[in-house]
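Please have a look at the sequence and the fold, then read on.

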Amino acid sequence: GGGGYRRRTQGNNYEFFPSRIAFRLYQLEEEEAMNLFKTIIFTALMLNLIGLDALAATVFKAKVNVAECVWNSQGISNPDVAVDRNYIYIAWEDVEYDESVSGGVFLSRSVDGGVTFEEKIRLDESLGVPSAPEIAIGTDGSVIVMYVTFDIENNISVIMKRSFDNGLSFQTDVISTLDFSLMNMPSQSTTDLQVNGDAIGYIWANARGCQLFLSKDRGANFDHITINTPTDNNVERIRVPKDPVVSLQSDGSVFVLRYEYGDNSLANLYFSKLANNSDAFSDSILIAETNSFVGFTTQESIVTTTDGYTYLIWNQAPADYSDLEEETPIFFTHSEDDGESFSGNNKICFDGGTCSELIYKTLIDQEDATHFLYIIPGCRLRYRKSSDLLQSFSEEVIITDKHISGIPDMVINTVGDLFVTWAETSGDNNVTHIYFSRSTEDTNDDNSNGNENNSNNSANGGSGGGCFLKTVFE
């Protein structure tokens with residue numbers, strides 16, 4: 001009534017509209033909703049055909065110059081990165097050419113997500129730093145830096161620096177002091193620092209074994225646990241551990257993976273587990289005979305999926321290590337019983353051909369996607385991703401086409417953003433620059449063209465040092 005309009009619905013009911021125009025608008029809304037529904041269905045089908053990774057390709061922003069430092073023959077600047085919200089912290093080992101020519105630990109921070117970095121500050125006041133620093137963010141938001149150094153009496157000390165004001169100031173804690181001796185001296189290898197909940201784990205190596213310093217109360221107290229080098233057939237042999245990595249599990253157990261070098265200077269890869277509430281590691285498990293030799297430096301990795309599976313990832317050294325064209329394939333094995341046993345040594349070749357990639361960092365995110373930071377011949381830094389537990393891989397992403405020095409680092413935040421730092425050494429005056437880049441979804445703000453002069457891709461990284469492989473093979 002009243003000049004309105006009605007239509008019959010199912011069940012002989014009626015819907016009333018004030019006019020035919022109102023009814024027509026209703027029809028248009030229904031058509032628009034149907035078209036939107038068709039679009040959603042079509043998009044879902046296309047995503048299934050082309051894969052999500054094609055629409056979510058990872059690119060990296062143009063590199064940012066963090067700081068300038070000086071390289072010397074006693075060590076290479078190995079920068080380490082940690083991220084807390086918009087704060088980004090990078091720590092590294094540097095050498096100051098003054099009257100004492102002493103090494104030190106330096107730090108620079110960014111408060112704007114990596115757009116700019118503040119002037120570097122020196123954290124230590126020691127006579128020398130025989131190990132590069134490691135940096136992480138504590139559960140309480142503190143910035144944690146750990147390293148091994150010589151104190152004023154020439155003892156070997158394990159130092160923890162902590163900041164509770166976003167890196168403005170740091171307090172010093174001496175975790176442990178060892179007598180100065182060749183056996184206690186840190187070996188020429190990398191160190192590792194991990195934080196998980198209230199647990200902090202810091203590991204390094206000397207001739208006595210891997211030295212783990214473990215806290216379960218956010219750094220208030222540390223236990224010192226030595227992982228003794230394994231023996232062969234119960235016969236004591238001199239073996240030197242190198243490049244240990246530590247992984248703190250959610251159940252309180254601790255995993256350690258490292259190389260062990262024998263009297264032939266070749267290394268085997270070993271895994272050890274410290275069960276929760278235990279004070280000693282289990283017997284070492286031989287993972288692989290890697291052919292790795294002193295000077296062949298990559299970084300093995302431990303990653304744990306959301307369903308509790310543990311993956312170990314490493315490089316196999318070439319059989320003829322005088323030739324860089326020899327294969328250096330990546331291998332992985334996995335455990336489904338909390339590190340009690342491992343099955344399968346599976347080979348990965350990113351490029352499907354020369355298998356010449358050298359892995360430096362492997363991370364796993366909350367969706368079980370695996371992220372790889374690696375170099376190709378010429379010490380060029382690259383990135384790839386696997387979304388199906390190492391079965392397939394994304395296209396290679398260029399981070400820098402310059403010759404890098406030392407060991408790069410990469411971290412990931414809770415939303416999947418990647419943060420990378422590395423060093424490049426020029427041929428002039430042994431000057432090293434620490435650089436930073438982060439991932440972005442804006443393809444117009446990427447580093448795929450390097451934003452740098454890539455016309456000369458020869459490995460001209462300067463005298464000595466550089467990427468370790470350049471020193472070994474050339």
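**Ground rules**

This is a predicted model, in which local features need pLDDT of at least 70 and side-chain atom pairs count only at pLDDT 80 or more, while totals for chains, interfaces and linings use all residues. Residues are numbered from 1 along each chain as its sequence is written, and side-chain values use heavy atoms, with hydrogens and water left out.

**The whole protein**

The protein has two helices and 31 strands; helices (H or I, at least four residues) and strands (E, at least two) are DSSP runs, numbered from the N terminus. It contains 474 residues, and 51% of them count as buried. Here buried means under 20% relative accessible area, exposed means over 50%, and partly exposed is in between (1.4 Å probe, protein chains only).

Accessible areas come from the Shrake-Rupley method with a 1.4 Å probe, and for residues only the protein chains shown count as cover. Among the contacts with a separation of 6 or more, 48% are between residues 24 or more positions apart, where contact means heavy atoms within 4.5 Å.

**Salt bridges**

Side chains of opposite charge can pair when their charged atoms come close. A salt bridge is counted when a side-chain nitrogen of Lys or Arg is within 4 Å of a carboxyl oxygen of Asp or Glu, and the count comes to 15. Three of them are listed here.

| Pair | Closest N and O atoms |
|---|---|
| Arg109 and Glu118 | 2.8 Å |
| Asp243 and Lys242 | 3.0 Å |
| Asp401 and Arg382 | 2.5 Å |

Salt bridges with shared partners join Arg382, Arg384, Glu396 and Asp401 into one network.

In the Arg109 pair, Arg109 is buried at a relative accessible area of 11%, whereas Glu118 is partly exposed at 35%. For the other pair, Asp243 is buried at 0% relative accessibility, and Lys242 is buried with a relative accessible area of 8%.

**A negative patch**

Asp251, Asp307, Glu336, Asp337 and Asp338 form a negative surface patch. Patches are made of residues with over 30% relative accessible area and no salt bridge, with like charges joined within 9 Å. Asp and Glu count as negative, and the place of a charge is taken as CG of Asp or CD of Glu. One member, Asp338, lies in the loop between β23 (330-335) and β24 (343-348) and is partly exposed at 41% relative accessibility.

**Two buried residues**

Is Ser301 buried or exposed? At 5% relative accessibility, Ser301 counts as buried, and its place is in strand β21 (residues 301-304). Leaving aside neighbours within four places in sequence, Ser301 is in contact with Leu257, Tyr311, Leu312, Ile313, Lys361 and Thr362. Ser247 is 54 residues from Ser301 in sequence, with 9.0 Å between them in space, C-alpha to C-alpha.

Trp92 belongs to strand β6 (residues 87-96) and is buried, with a relative accessible area of 0%. Ile135 is 43 residues from Trp92 along the chain, and their C-alpha atoms are separated by 9.2 Å.

Notes:
Patches are made of residues with over 30% relative accessible area and no salt bridge: like charges are joined within 9 Å, nonpolar side chains (Val, Leu, Ile, Met, Phe, Trp, Tyr) within 5 Å.
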